[in-house]
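User: I would like to learn how to read a model like this one, feature by feature. Please show it first.

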Amino acid sequence: MANRSKEDTVLEAKKSRVKPPPLFKVMILNDDYTPMEFVVLVLQQFFSMTREQATQIMLMVHREGMGICGVYPRDVATTKVEQVVSFSRKHQHPLQCVMEET
């Protein structure tokens, strides 16, 4: 039987690229009933915005019909949407929060 020397073997590291997970935009939609101050509170509480940032997004929602609150992986975006909708219903507001793949 022939003996092979292990010195002849060359191992190469195989590099694999992992595709990053898809990201989702979380958006608040305008309605005619939810007070502007409540929208600012939601943006501060659930999206960690300053009062100034939250006010700017709230005004965008008011003027343009929707505003982007943030971009997150699917599970985080889903949780944010559920938290906002639940909090809004608890306080008897019809505020809508949705997500869309970027």
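User: What percentage of the 102 residues in the chain do buried residues make up?

Analyst: This is a predicted model, so local features need pLDDT of at least 70, side-chain atom pairs count only at pLDDT 80 or more, and totals for chains, interfaces and linings use all residues. Residues are numbered from 1 along each chain as its sequence is written, and side-chain values use heavy atoms, with hydrogens and water left out. Buried means under 20% relative accessible area, exposed over 50%, partly exposed in between (1.4 Å probe, protein chains only). Here, buried residues make up 30% of the 102.

User: In what order do the elements of the chain run?

Analyst: Helices (H or I, at least four residues) and strands (E, at least two) are DSSP runs, numbered from the N terminus. This chain has 3 helices and 3 strands. From the N terminus on, they run β-α-α-β-α-β.

User: What radius of gyration does the chain have?

Analyst: The radius is taken over C-alpha atoms, and the globule rule is 2.2 Å times the number of residues to the power 0.38. A compact globule of 102 residues would come out near 13 Å, but the chain has 24 Å. Its C-alpha atoms fill a box of roughly 85 × 25 × 20 Å along the principal axes.

User: How many salt bridges does the structure hold?

Analyst: Side chains of opposite charge can pair when their charged atoms come close. The criterion is a side-chain nitrogen of Lys or Arg within 4 Å of a carboxyl oxygen of Asp or Glu. The structure holds 2. One joins Lys25 and Glu100, at 3.3 Å from N to O. That pair links distant parts of the chain: Lys25 sits in strand β1 (residues 23-29) and Glu100 in strand β3 (residues 96-101), 75 residues apart. Glu100 is partly exposed, at 39% relative accessible area.

User: Which side chain does Arg51 meet in a salt bridge?

Analyst: Arg51 meets Glu37, at 2.7 Å from N to O. Arg51 lies in helix α2 (residues 51-64) and Glu37 in helix α1 (residues 36-47), 14 residues apart. Arg51 is partly exposed, with 40% relative accessible area. Glu37 is also partly exposed, at 47%.
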